[in-house]
Amino acid sequence: MIASYGKEYQVIVVGAGHAGCEAALAAARIGCSTLLLTMGLDVVAMMSCNPAIGGLAKGHLVHEIDALGGEMALNIDQTAIQFRRLNTRKGPAVRASRAQADRMAYSARMKSVLESEPCLDLKQGAVISIDVGEAGVQGVKTREGLYYAAQNVVLTTGTFMRGLIHIGLEHYSGGRAGEPASEGLSDCLRDLGFKVGRLKTGTPARLSRRSIDLSKLQTQNGDDLIRGFSFLNRNLKYEQLPCYIANTNEKTHAIIRKNLHRSPLYSGIIEGIGPRYCPSIEDKVVRFPDRTSHQTFLEPEGRTSSEMYPSGMSTSLPPDVQLQFYRSMVGLEQVEIMRPGYAIEYDFVEPIQIKKSLETKKIAGLYHAGQINGTSGYEEAAAQGVMAGINAARRAKGQAPLILGRDQAYIGVMIDDLTTQPTLEPYRMFTSRSEFRLLLREDNADQRLTPLGRSVGLVSELRWQRFEIKQQNYQAGLKVLEGQRISAGQQEVVKRFKLEGLKQGLSLKELLRRPEIKIEQLCTLNDLLMNTDSEVLEQLEIAVKYEGYISRQREQVARMKNLENDPISSRIDFSAIGGLSQEVKERLQQVKPETLGQASRIQGVTPAAIAVLSVYLKRWKKDYNN
């Protein structure tokens, strides 16, 4: 028997993983009465796999979440145990931040933030079905027998929908090791007409630190200068813990090859498709037979925890085999496994069934975010979560959704990819997925997105004040670079910068364009630059040195806008359009693109087909308006 809780919410979020936490906070902070339902209050924002946030492209997503007013960056800044900035010797587009986290502290802080949010209720309950009426979603029903009414529902189910854990040839139901799976919701979505698929992921064993001979391993320390993820926390100070580098060897690989018949991956038990870019150690050994060694980073899981996470060593081999191959590695000869690695299969909903707002096309007011959309990674999930929360709240208030373009954010790239391309494997963000990556850097995420976050009511007054000050400092610095000139008569300066032969003089901006000149060298020539924050100086240097490239990408964006601003009505019947192949018609009918630009990115839709579609749309709009 189902009993009503007696309270109607504007937004209900199902699942308190990284997507759910961001979605619930966004909706509540915008001012909507919000309920966050989770199967376990003790595992909010749990890092079920690697205890880290950020990395290549993922760090970009975290900065974008922060710029919009989300919580992930603030949470990792407060609970990190090591920080590193990657690709510092490469171009600015691919520089990225990564931090090791104290996983229990990360979860505890996020739970505290949720509990202190005024418009947000956090409750334990397992949702088994969605209640849908003629106008769309109406509420959710829980296994515990309660009904919660809502105008909007955001599903962030992670790996819990019909989750099945595999350890060797043994398998059992579970959403994560030690936690139950979500039963019923997946069937409910199928009954509602959604196409549901199956994916898989995995995690390594957790090793006991005290059983590892760290003296035999290479130490990897964090950066001396810690620049936080959040634009509110640019310079942090805390004691960092080292990571350690270990390597597999030929003996390790021989043990794995000998026991492949006991792996569910190679015995045909696992049906779900795994992440190609994060292969298990079994996959690495099989796919790269010529490699005699694979590197792993042993990452501490917390300041007070003995558990170590061996990055890149996910496996579903039996525990006895895991122990054998770990003990074949130098430094791990006596290692003890605290938790065995495992693979997990779970249901997801094909994301071409959602709009760019993350609202489903079939049911008004129902939003999907995170792994339910076929993505992998905390950062991808959180980025979808903040957007789903924003748009669910805006729908509750009768406002138009916030849609980010491919030229505005990696979040926009990801959502466009998900809603346009078929899901052949778990989606992971890479900088290479963006055609405008020089515009979408970590350092300028606030310039791109904080005004938008402010417009939807998610950016706090403090964040906005900091942003305005930074922009003022940037403009003042740019004015100095453009206005201050070096003349031939400044002999000391001419000699220092090797400008012998200078006749007409040049501006600091022109000097900074030279590859060998760094902006820090110019600070000695101007007091304002000397007192400018390093973060602003970095942006000024990028703006000057890459001005030509940035200008060309902006021209490309302008050309793309013509297609993106050409909407396609949901009433269009693609099967009735003459001049298109049957394959193109089927793909268009399946995706139902919202713009001509989105249609152009659907696999198999050719430029010729776009030309035909463009002509048809013009005629259709003319006839419809008449």
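Predicted model: local features only at pLDDT ≥ 70, side-chain atom pairs only at ≥ 80, totals over all residues.
In which sense do strand β7 and strand β8 pair, and over how many bridges? The two strands, residues 127–133 and residues 136–142, pair in the antiparallel sense over 6 bridges. Between β7 and β8 lie 2 residues, and the strands form a hairpin. Within this pairing, I130 has V140 of β8 as its bridge partner.

Two open sheets can be followed next. One of them consists of 6 strands in the order β14-β15-β16-β17-β13-β18, with antiparallel pairing. At its edges stand β14 (218–220) and β18 (337–339), each of which pairs on one side only. From one strand to the next, the twist averages 35°. Inside this order, strand β15 (residues 243–247) and strand β16 (residues 295–300) run antiparallel and are joined by 4 bridges. Here A246 stands opposite T296, a residue of β16.

A helix accompanies the sheet. Helix α8, residues 319–327, lies across β13 (206–208), β17 (307–310) and β18. Relative to β18, helix α8 runs at about 135°.

The other open sheet has 4 strands, ordered β11-β10-β19-β12, and its pairing is also antiparallel. Its edge strands are β11 (170–173) and β12, which each pair on one side only. The twist in this sheet averages 25° from one strand to the next. Strand β10 (residues 164–167) runs antiparallel to β19, and 3 bridges join the two.

How many cavities of 30 Å³ or more does a search of the whole structure find? The search finds 3, and the largest cavity has a volume of about 80 Å³. This cavity is lined by 14 residues, and K200, T201, G202, S280 and S314 are the closest to its centre. The elements that contribute two or more residues to the lining are β12 (196–203) and β19 (342–349). Strand β12 gives the most, with 4 residues. By type, the lining of the largest cavity divides into 5 nonpolar, 7 polar and 2 charged residues.

At least two lining residues come from each of β4 (80–86), α15 (519–522) and α17 (534–545). Which element gives the most to this lining? Helix α17 does, with 6 residues. The lining of the second largest pocket holds 11 charged residues, along with 7 nonpolar and 2 polar.

Notes
Residues numbered from 1 in each chain as written. Heavy atoms only, no water. 1 Å grid on protein atoms, 1.4 Å probe; cavity = no way out; pocket = protein on both sides within 12 Å on 5 of 7 lines; lining within 4 Å. Points joined across faces, edges and corners; volume = space filled by probe spheres on them. Nonpolar A, V, L, I, M, F, W, Y, C, P; charged D, E, K, R; others polar. Pairing = 2+ DSSP bridges. Axes fitted to C-alpha atoms, helices over the stretch in contact; angles between N-to-C directions. Contact = heavy atoms within 4.5 Å.
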